[in-house]
Amino acid sequence: MSGTHRTGTTADPRAFVEEYVAAATAADRARYLALFDDNVVVRDEGRTHRGLTEVRRWLDHVPPVEYDVREVTGTGAVCRAVAEVSGDFPGSPVTLRFTFDRDARGAITRLEITPDPA
């Protein structure tokens, strides 16, 4: 396990999602990757990425986007966020649901990104 994960917002799902969005839109990709456990599983667009090496490769193909967070529910360990995501990609903007599982340190162990059915 890496020692770079942030743990300050474990109990507050809204603060965590705000931290996630700030890291996801930052120029420093290391800040974003530091949110994840080394053995994280990310599911996005029908693909599964396992571990930080695959997540880094996935991130290399994600265009810069902006998030308008509409809703956050859940707990510090398991939470969901619904956000409108816009950027230079087909179908922009799109409303997506982000489901996060996090460990006791606050590191993301699972992230699933799906279209919001609402």
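How many nonpolar, polar and charged residues does the lining of the largest pocket have, by class? It has 21 nonpolar, four polar and six charged residues. In that scheme Ala, Val, Leu, Ile, Met, Phe, Trp, Tyr, Cys and Pro count as nonpolar, Asp, Glu, Lys and Arg as charged, and the others, Gly among them, as polar.

Some ground rules. This is a predicted model, in which local features need pLDDT of at least 70 and side-chain atom pairs count only at pLDDT 80 or more, while totals for chains, interfaces and linings use all residues. Residues are numbered from 1 along each chain as its sequence is written, and side-chain values use heavy atoms, with hydrogens and water left out.

Back to the pocket. Its volume is about 800 Å³. Of its 31 lining residues, Asp44, Glu45, Val62, Pro63 and Val65 are the closest to the centre. At least two lining residues each come from H1, H2, strand E2 (47-50), helix H3 (51-60), E3, E5 and E6. Helices (H or I, at least four residues) and strands (E, at least two) are DSSP runs, numbered from the N terminus.

A pocket here is an open set of points on a 1 Å grid over the protein atoms alone, with protein on both sides within 12 Å along at least five of seven lines; a cavity is a set where a 1.4 Å probe fits but cannot get out, and lining residues have an atom within 4 Å of a point. Grid points are joined across faces, edges and corners, and a volume is the space filled by probe spheres set on the points.

There is one cavity of 30 Å³ or more. The largest cavity has a volume of about 40 Å³. Val17, Tyr20, Val21, Tyr67, Val69, Ala81, Ala83, Phe98 and Phe100 line it. Its lining has nine nonpolar residues, with no polar and no charged ones. H1 gives the most, three residues.

Now H1 itself, residues 13-24. Its 12 residues should span 16 Å at 1.5 Å a residue, and the end C-alpha atoms are 16 Å apart, which agrees; the expected span is 1.5 Å times one less than the number of residues. At the N-terminal end Aspartate 12 is the cap, with a side-chain oxygen 3.1 Å from the backbone nitrogen of arginine 14. Buried residues in H1 are Pro13, Phe16, Val17, Glu19, Tyr20, Val21 and Ala23. Buried means under 20% relative accessible area, exposed over 50%, and partly exposed in between (1.4 Å probe, protein chains only). Their cover includes helix H2 (29-33) and strand E1 (36-44).

Two residues in strand E6 are next. Isoleucine 113 sits in E6 and is buried, at 9% relative accessible area. Among its contacts beyond four places in sequence are Asp44, Glu45 and Trp58, where contact means heavy atoms within 4.5 Å. Isoleucine 113 and valine 42 are 71 residues apart in sequence, yet 7.9 Å apart C-alpha to C-alpha.

Glutamate 112 is also in E6. Is glutamate 112 buried or partly exposed? At 28% relative accessibility, it counts as partly exposed. Beyond four places in sequence, glutamate 112 touches Arg43, Arg97, Phe98 and Thr99.

Last, histidine 49, in strand E2. Histidine 49 counts as buried because its relative accessibility is 12%. Its contacts beyond four places in sequence include Asp44 and Trp58.

Methods
Polar contact = N/O pair within 3.5 Å; in protein donor to acceptor, adjacent residues only side chain to side chain.
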